Amino acid sequence: MSQFKFWNDVNSLLNMDGPVSGPVPRWQRKKESTSSNNSSNNSSKLRSLSCSALNSTKTPVKGSENDYQRNKTPSKTPKKNRTPTPNKGSRTPGGDRFIPSRSASNLDLAHLKLTQDEGNKSDSPTHKELQKAMSENLYGTDISNQRILTYKNKAPAAPEGFQNPMKVIYTQTKTPASSKSSSRYIPQAPDRILDAPDIVDDFYLNLIDWGSNNVLAAALGSHVYLWNAGTGNIEQLLELEGNDYVCSLAWIQEGHCLAVGTTNGTVELWDCSRSKKLRIMEGHSARVGSLAWNSFVLSTGCRSGQIIHHDVRQRDHQIATLSGHTQEVCGLKWSPDGKYFASGGNDNVLNIWQAVSGAFHTNSTPLHTFTAHQAAVKALSWCPWQPHILASGGGTADRHIRFWNCNTGSCVNSVDTKSQVCALLWSTSYKELISGHGFANNEIVIWKYPGMTKIAELTGHTARVLHLAMSPDGTTILSAGADETLRLWKCFPKTTIKSKDIEKVKTKPSALKQCIR
């Protein structure tokens, strides 16, 4: 009997129809939540949406279905490889302007816009005007232009004088030591204007030169005047007799010796410190329109196309004669290192002569002959920091400034200036080139080298700018025009040295003192 009763108890347990105690299955909970959600109307949905959007920073209620599924469902990601979750409660100092701000939002207005009937769009225009008037009276503005979510304003501006150290690090650019600031002030008016009556209006002559002794020599007709730029004194050096007039002037590199070329083919040497004529050198059969010094050697070019090198120390001064031009030589320049000698003529030819090794004159045959210019080549100037680079300018039919590499014999660059090029100068303080022009602009142009962009155009001359000269300190340009005026332009200010740097230089012991005890 006991065995029979045991098996009856087992069968009753297996065939049990009563309710099972324990937690509700997950599928049943999901079904119940779905049915309860379907019973809610659209207005409660929008209201819950607005509240959840505006209260997005609140902590979720414990025990909700989402929390249950998140806590009970095992994660498939191993704990060792799980990425640590950041602290959601932490806030960025100052807040994030891309998160809605409850304090800046109008909750009533947001609720009205969320619960507004979509069918109102088809209302009559009168009804729409009524709604607009009511909204403006109730809320003080047109609700159609208002936002449901309001964000913070832009980040506040930094206090005055604040500088972000990271910005300084990542925006700082290295400036080459040789370059100068292009934002300096360049005056458009001359600093001083001097009268130059009877200056000869001749493109092929060279009548102005500013010496290293800070004295300007100017040839006005048959006279030569000296103007001391330091003291302002003006004195007459010489006057030619008859119908002769001065055709060219050139100061020696260092000293008070001035060379004067005349119409009768002679070259006079004057000691300007004593106002005394030193000697007269002959050799040319026509006027001498161009001069150039190389130490104690004076190179002269005349109207016949002949060039002569004179050693002014010797009795027999003619040491070499060059025949590279068929017409008047109007431009002569020695390179800063004395290796090359450039000559330009009215035959549109530019010749480059190489100096004899160990001497101060050139070979008798040109090293390079350039025929790219279509007019007379008078304007010549060598680059101070690249002694092998020569800038040349052509006359009215050419109007180009060309740059030549005399080491290779090639044209580096060419710029059309749209005007006659009468004179060229390089700045000794800035990487810039100055050009003086005649027809048709009669102006002075400062160019940025090597890009050849115009930095400034200096106007004021009413006739062509025949000559240019640079002051010894490199700060001032002097222009001589056919309008019988000399104009001084302060275009290249010197950079001042700080007083602390000067004191360091003064207090720094010399190497000689360190060696002596």
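# A viewer's tour of the strands, pockets and cysteines

The UniProt entry, which is unreviewed, carries the annotation "repeat: WD" over residues 246-280, 322-354 and 458-490. Keep in mind as you click along that this is a predicted model.

**Stop 1: two of the annotated spans.** Select residues 322-354 and look at the two ends. Their C-alpha atoms lie 12 Å apart, and the span is 55% strand and 0% helix. Now switch to residues 458-490: here the end C-alpha atoms are 11 Å apart, with 58% strand and 0% helix.

**Stop 2: the sheet E6 to E9.** Move to residues 246-251, strand E6, and then to residues 276-281, strand E9. These two strands pair on one side only, as the edges of an open sheet of 4 strands, ordered E6-E7-E8-E9 with antiparallel pairing. From one strand to the next, the twist averages 25 degrees.

Stay in this sheet and show E7 (residues 257-262) with E8 (residues 267-271). The pair is antiparallel and is joined by 5 bridges.

**Stop 3: the cysteines.** Across the whole structure, the search for disulfides returns 0.

While you are here, check the surroundings. Cysteine 272 has 9% relative accessibility and counts as buried, since the limit for that label is under 20%. Jump to cysteine 406 for another buried cysteine, with a relative accessible area of 1%.

**Stop 4: strand E20, from both sides.** How many of the 6 residues of strand E20 are buried? The count is 6 of the 6, so E20 is largely enclosed by the rest of the structure. Show the side chains: His400, Arg402 and Trp404 point one way, while Ile401, Phe403 and Asn405 point the other way.

Now bring in the partners of E20.

- Strand E19 (residues 389-394) runs antiparallel to E20, with 5 bridges between them. Alanine 391 has phenylalanine 403 as its bridge partner in E20. In the hairpin of these strands, which has 5 residues between them, arginine 399 takes a positive phi near 65 degrees.
- Strand E21 (residues 410-416) is also antiparallel to E20, joined by 6 bridges. Pick isoleucine 401 and look across to valine 415, its bridge partner in E21. There are 4 residues between the strands of this hairpin, and glycine 409 takes a positive phi near 75 degrees.

Stop 5: Select residues 444-448 (E24) and 453-458 (E25), an antiparallel pair with 5 bridges. Tryptophan 447 stands opposite lysine 454 in E25. Between the strands are 4 residues, and methionine 452 in this hairpin takes a positive phi near 55 degrees.

Leave Trp447 and Lys454 on screen, for both line the largest cavity. The space inside the largest cavity is about 30 Å³.

**Stop 6: the largest pocket.** Which residues lie closest to the centre of the largest pocket? Select Asp209, Trp210, Lys333, Leu425 and Met470, which come from a lining of 44 residues. The volume of the largest pocket is about 1300 Å³. To see what surrounds the pocket, colour the elements that give two or more residues to its lining: E2 (208-210), E6, E10 (288-294), E14 (329-334), E18 (377-382), E22 (421-426) and E26 (465-470).

**Last stop: serine 290.** Strand E10 also holds serine 290. Is serine 290 buried or exposed? At 1% relative accessibility, it counts as buried. Finish by drawing a distance to serine 343: the two C-alpha atoms are separated by 9.4 Å, although the residues are 53 apart along the chain.

Technical notes. Residues are numbered from 1 along each chain as its sequence is written. This is a predicted model: local features need pLDDT of at least 70, side-chain atom pairs count only at pLDDT 80 or more; totals for chains, interfaces and linings use all residues. Side-chain values use heavy atoms; hydrogens and water are left out. A disulfide is a pair of cysteine sulfur atoms within 2.5 Å. Buried means under 20% relative accessible area, exposed over 50%, partly exposed in between (1.4 Å probe, protein chains only). Two strands pair if DSSP finds at least two bridges between them. Axes are lines fitted to C-alpha atoms, for helices over the stretch in contact, and angles run from 0 to 180 degrees between N-to-C directions. UniProt positions are given in the numbering used here, feature names are shortened, and annotations may be inferred rather than shown by experiment. On a 1 Å grid over the protein atoms alone, a cavity is a set of points where a 1.4 Å probe fits but cannot get out, and a pocket is an open set with protein on both sides within 12 Å along at least five of seven lines; lining residues have an atom within 4 Å of a point. Grid points are joined across faces, edges and corners, and a volume is the space filled by probe spheres set on the points.
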